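The following note is intended for a colleague who is new to this structure.

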Amino acid sequence: MGDIISLGLLETLEALEKKEFSKEELNKAYINRLCDLNLKLNAVLAINYESNGIPAIVKDVFSTKKIETTTGSKILEGYKPVYDASVVERLREQGVSVLGKANCDEFAMGSSGENSAYGPTKNPWNVSKVPGGSSSGSAAATAADMCVFSLGTDTGGSIRQPAALSGVVGLKPSYGRVSRYGVIPLGSSLDCPGPITKIVADARKVLEWISGEDGYDSNVSNKFIITSNKLNDLKGIRIGVPKEYFGKGLDKGVEGEVRKAIAKLEELGAGVVEVTLPHTEYAVAAYYIIMSSEASSNLARFDGIRFGHERDKFGDEATRRILLGTYSLSSGYYDDYYQKAAKVRTLIKLDFEKAFEKCDVIVGPTSPTVAWNIGEKADDPLAMYLSDAYTVPASLAGIPGLSVPCGFVNGLPVGLQVIGKYMDEETILNIGEVYEEATNWRKEKPKL
Amino acid sequence: MNYTPVIGLEIHVVLNTKTKMFCGCSADYFGKKPNTHTCPVCLGLPGALPFTNREALEKCIMTGLALNCKVSENSYFERKNYFYPDLPKGYQISQYRKPICADGYTNLTDGPKIRINRVHIEEDTGKLFHPGAETLIDFNRSGVPLVEIVTEPVFEDVSQVVEFAKKFQQTVRDLGVSNADMEKGELRLEANVSVRKIQNPNDKFQIPDYRIELKNINSFRFMQHAIEYEIKRQAELLDQGVALHKETRGWDEDKKETYPQRQKEEAHDYRYFPEPDLQVIGIRDGDRIRVKMPKLSGQKISDLVEKYGISAGNAWILESQGKVDYFEEIMLDRSVDAIEAVNAIINKRINAELTVEEFKGKLKEAKGGSKVSDEDLEVAVLSVIKHNEKAVGDYKKGKESVLQFLVGQVMRVTKGAARVDKAQQTLLVKLKNG
């Protein structure tokens, strides 16, 4: 029974069906594992010892009825929502239970987990390193087999990047595929709730469960394709490789692993073509202006009157972004900052549309580096922002992105990013699955 | 006085939709137990999202069309950001750069064409109560749909403002989009008042460089008094050489004067930006809504006059009594005389609650012979005079209108069988002699 916790979602569902173990045994195994490791990893905040379904861990930005939801901030310490987020409801309907709330950067603002007001989460592969962020706890918990799967949110890379740094699968769905109702927002036009899982097929399953209109989020559409067409190889698939994702700033070791992965895709039948995304260099700047502006407004409701604590409890990064966002929206600056950034955003979107005339998906590194030491970039917010360079463009364009493990550098995981057309999660999941099954990265687990 | 007023009006109208602007809570908030019509959305709880009420959009469009506005095919919501305890999200979802309706007008009986700048939709705030040292907040009203109407500063006289406001109130009632009851806060008026020196007509028109906003006025009468007072106050100050600046003032009905209110308005930068949680409001086929709209009073009146040859005055009364449909049903019978019918209804000579057939019957009787003999009529008249001392006294003192009442009494006593004109004649004779 020691293997229960290493099973993925589909494997667990199958095992339960075959009565290889009971739900009680399942939850007991995971609760034990969680309690064993959490002091060391600090991946989980609130723990639900009464979990009795398929145990999942959801990022602490998801409203969970009666379970403390802090968004990694002191502002919401002790806050227990009166309602479930739509995606949480959907999961419950499928027999999933919330085993715990994952630690995260405060209000999802961060790329390492170090901005959490409850202490940073550690990378299970090396506990002196960051697991990535802002869905730090979700990625670490999944990598450490503390749950069957987890949910995160991706605004500028916050599912894909921690998945890459922690050696698990992370899917950022298309914006508007999954309801944001009940997800405490960072950037309203950017936030995408999505799965962090042990294998690609699990991500596909969770996506199926959580996709679609719910009558509460006006931006959600049902116009997507779900099929269960498994591909055997990648014949006929055209892979675009953007030259802008292989320039300055990319670690040599990471580049090596990613290029090997692309070669593997070719081996599996895909055609590779070079593409260009000319406005990539402006993406981080445009993103930080738009996201901060939206966040400065979204965080205005935390006035301490109806719920939560007083505003002096905001951490440094949250304060920084509220100031930046308020400034960008101010009279006299709106045109030069917010509006300009919005125009750049359109150009970036058009970059992708043009590139997709030549290819079906775009492939490259998820993160420019592997996991860094805790504390290393904490004093340099700009350096921290640049770690989002390859994930932010897809966020601005609203298109889906998958990160799948593709190797190691010095024992630390590397992620391959597969970016798809709007609402075409199908294709990126197919490619991810074929690649995963043709390699053995999935079998590697951190030594804990 | 060598100054002339420059006045603009800003109106907020509470729509009578079933549910709130962005959530499914009941919009019927007045007098309800506090905080019983709430949900995560209108409480501004973390993670909640707005979802647009279609009925509210349609009612806003109807209001705009009634004011001859152009309807935007692609308008959108924006966030108006500011802190106040009754604003749970810390921003109000409203419209700014692209309102649903803009650039309209309406005509008064006398005066300039009133140009309408915009008619847009937004959500209402909660309500604060200050019992003693505490402040309490009731969120029942938070999120209720409001339509905001802004006129250009084209009013030249207080009477024009009052006429416009009253006409507007009737319009939204006729449209069925609001009860527009000022006491309940369903119709809120704000007047922007300035004065300018009366110029040579050949000089270029100069808009004053300031305006005084008059707020929190909850009756037409108070608004009139406030504007009149303000015009005078401003003229006097300007004559003294005082420079006037943008200010918000309220009306004190007891002291009969305006007084300064909170100053924060001008300093405020609302940092408007398009609401990312909502889609663009795509309106195709605004004409389909025009077809849905009930005919407005003015239009109805002219139609009645043209069709039946009755006077406009009588048509208005018919309308205000809610008897237009009834009248038109009666008139389906071509043998009925329109003028007799309308008179019978509005003067209540025949009970308008009768069925159409019964009414037509009574009309024929009244026209033709009477079922009451002259002696019986005299007895009836004398009886009425005897039992209505006060009324008779009033009539003799000169109150002519009492005659109608006495005629009515005679009709009642004779169970409607007497002829109205004969009853009146007989009464007059007896009253003169008696």
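1. In which helix of chain A do A:Glu255 and A:Lys252 both lie, and how many residues apart are they? Both belong to helix α7 (residues 252-267), three residues apart, about one turn of the helix. The model is a predicted one. The side chains of A:Glu255 and A:Lys252 form a salt bridge, at 3.6 Å from N to O. A:Glu255 counts as buried at 15% relative accessibility, whereas A:Lys252 counts as exposed at 66%.

2. In chain B, a salt bridge joins B:Arg188 to B:Asp124, with the closest N and O atoms 2.7 Å apart. This pair links distant parts of the chain, 64 residues apart: B:Arg188 is in strand β11 (residues 187-197), and B:Asp124 is in the loop between β7 (114-123) and β8 (127-129). B:Arg188 is partly exposed, with a relative accessible area of 22%, while B:Asp124 is buried at 6%.

3. Strand β11 of chain B also holds B:Glu190. The side chain of B:Glu190 meets that of B:Lys215 in a salt bridge (3.9 Å, N to O). B:Lys215 lies in strand β12 (residues 212-217), so the pair ties together parts 25 residues apart in sequence. Both B:Glu190 and B:Lys215 are buried.

4. Over all chains, the whole structure contains 46 salt bridges. A network of salt bridges links A:Arg180, B:Arg79, B:Glu275 and B:Asp277.

5. A:Asp360 is located in the loop between α10 (335-355) and β9 (361-365) of chain A. A:Asp360 is buried, with a relative accessible area of 18%. Its side chain reaches the backbone nitrogen of A:Arg238 at 2.8 Å. Among the residues that A:Asp360 touches are A:Gly236, A:Ile237 and A:Lys421.

Note on methods
Residues are numbered from 1 along each chain as its sequence is written. Chains are lettered from A and ligands numbered from 1 in the order in which they are written. This is a predicted model: local features need pLDDT of at least 70, side-chain atom pairs count only at pLDDT 80 or more; totals for chains, interfaces and linings use all residues. Side-chain values use heavy atoms; hydrogens and water are left out. Helices (H or I, at least four residues) and strands (E, at least two) are DSSP runs, numbered from the N terminus. Buried means under 20% relative accessible area, exposed over 50%, partly exposed in between (1.4 Å probe, protein chains only). A polar contact is a pair of N or O atoms within 3.5 Å; within protein, one must be able to donate a hydrogen and the other to accept it, and residues adjacent in sequence count only if both atoms are side-chain atoms. Contact means heavy atoms within 4.5 Å. A salt bridge is a side-chain nitrogen of Lys or Arg within 4 Å of a carboxyl oxygen of Asp or Glu. Lists of a residue's contacts leave out its neighbours within four places in sequence.
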